[in-house]
Amino acid sequence: MYRVAIIDDEPIIVEGLTKSINWKKWECQVVATGNSGTEGIAIAEKVQPNILFSDIRMPHMNGLAMIAAIKSQYPQMEITILTGFSDFEYAREAIRLGVTRFLVKPSKMDELEEAVESMVKNLKAKGIMPEKESEPDSLREEMQGDCEDGQDAGGEMPEETAAGSFIVNNAMKYMEENYKEKLKLQDVADQVYVSQWHLSKLLNRYKEQSFSDILNNIRIDKARELLKDPSLRIGDIADMVGFLDMAHFSRVFKKQTGISANEYRNGLK
């Protein structure tokens, strides 16, 4: 059976989808449900469903962020979005991230069944076949730590690229808005809902730089702007852009620009 997960902040929707669709007709089995994006990510990691039905607007987490986090790690997963909002921009971004269907609530049964049929066909086209039916609880234990068949095979898929780019862009935005803080890789990873290992891999892939180099570049760019103000002491600027001490700031500044902060300021006169 193909493993199905359903994520929606409305329990009645979750229950309705679980019970109203004849899942066995499509060789499917609902193995996990959740009510938030964070639960969705946890379920994706533990159960690694083949098919995911999810709302796009949920408390505490944007559904697009959840989809990007999941698709960047499990590109073979088939996803259908259910939403109460016919938002074209959301739909376009969701499709770019690799969702199979974008359905507006309340969805008709034939629309839901068509989505299931389409996702199952896509899985079979990828060579992913249904597994022997299991009880959901035992399946969760079984799947913990296992890798999805075909997840790591072959090259990078278009939706994986889009999802990775989405995550990196959000990570960069967060770093640019919070560079003054004592940021760690884990802090940023938490904001984009992936592990710090996965975020580090994505930053190296898309930016060809490590997290610390990217953060230092942002901070030094901000420092160069602040150095235009002669009333600001260099030590204060170092603190304002998030460096723990003046010595570290001086080393990084010279490495990035080739000259000291004082020489840079003097060159502005």
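In what order do the 5 strands of the open sheet come? I began my notes here, keeping in mind that this is a predicted model. Reading across, I get β2-β1-β3-β6-β7, and the pairing is parallel.

**Entry: sheet edges**

I then asked which strands stand at the edges. They are β2 (28-34) and β7 (101-104). Each has a single partner strand, so one side of each has no neighbour in the sheet. I also noted the twist, which averages 20° from one strand to the next.

Next I looked up the pairing of β1 with β3. Residues 2-7 make up β1 and residues 51-55 make up β3; the two run parallel and pair over 4 bridges. For a landmark I picked Ile-6, which stands opposite Phe-53 in β3. Helix α2 (residues 37-47) packs on this sheet and touches β1 and β2. I wrote down about 135° between the direction of α2 and that of β2.

**Entry: Asn-50**

What does the side chain of Asn-50 reach? I traced it to the backbone nitrogen of Arg-3, at 2.8 Å.

**Entry: nonpolar cores**

I turned to the largest nonpolar core, which has 65 residues. Which of them touch the most other members? The answer is Leu-199 and Phe-249. Helix α7 (residues 158-178) gives this core its largest share, 8 residues.

I followed up on Leu-199 and skipped its neighbours within four places in sequence. That left me with contacts to Ile-167, Ala-171, Leu-185, Val-188, Ala-189, Val-192 and Val-194.

**Entry: Lys-254**

Last, I checked Lys-254, which is found in helix α12 (residues 246-257). Its relative accessible area is 48%. Exposed would need over 50% and buried under 20%, so I put Lys-254 down as partly exposed. How far apart are Lys-254 and Ile-220 in sequence and in space? They are separated by 34 residues along the chain, and from C-alpha to C-alpha I have 9.7 Å.

Technical notes. Residues numbered from 1 in each chain as written. Predicted model: local features only at pLDDT ≥ 70, side-chain atom pairs only at ≥ 80, totals over all residues. Heavy atoms only, no water. Pairing = 2+ DSSP bridges. Axes fitted to C-alpha atoms, helices over the stretch in contact; angles between N-to-C directions. Contact = heavy atoms within 4.5 Å. Polar contact = N/O pair within 3.5 Å; in protein donor to acceptor, adjacent residues only side chain to side chain. Core = buried A, V, L, I, M, F, W, Y, C linked by side-chain atoms within 4.5 Å. Buried < 20%, exposed > 50% of the residue type's maximum accessible area, 1.4 Å probe, protein only.
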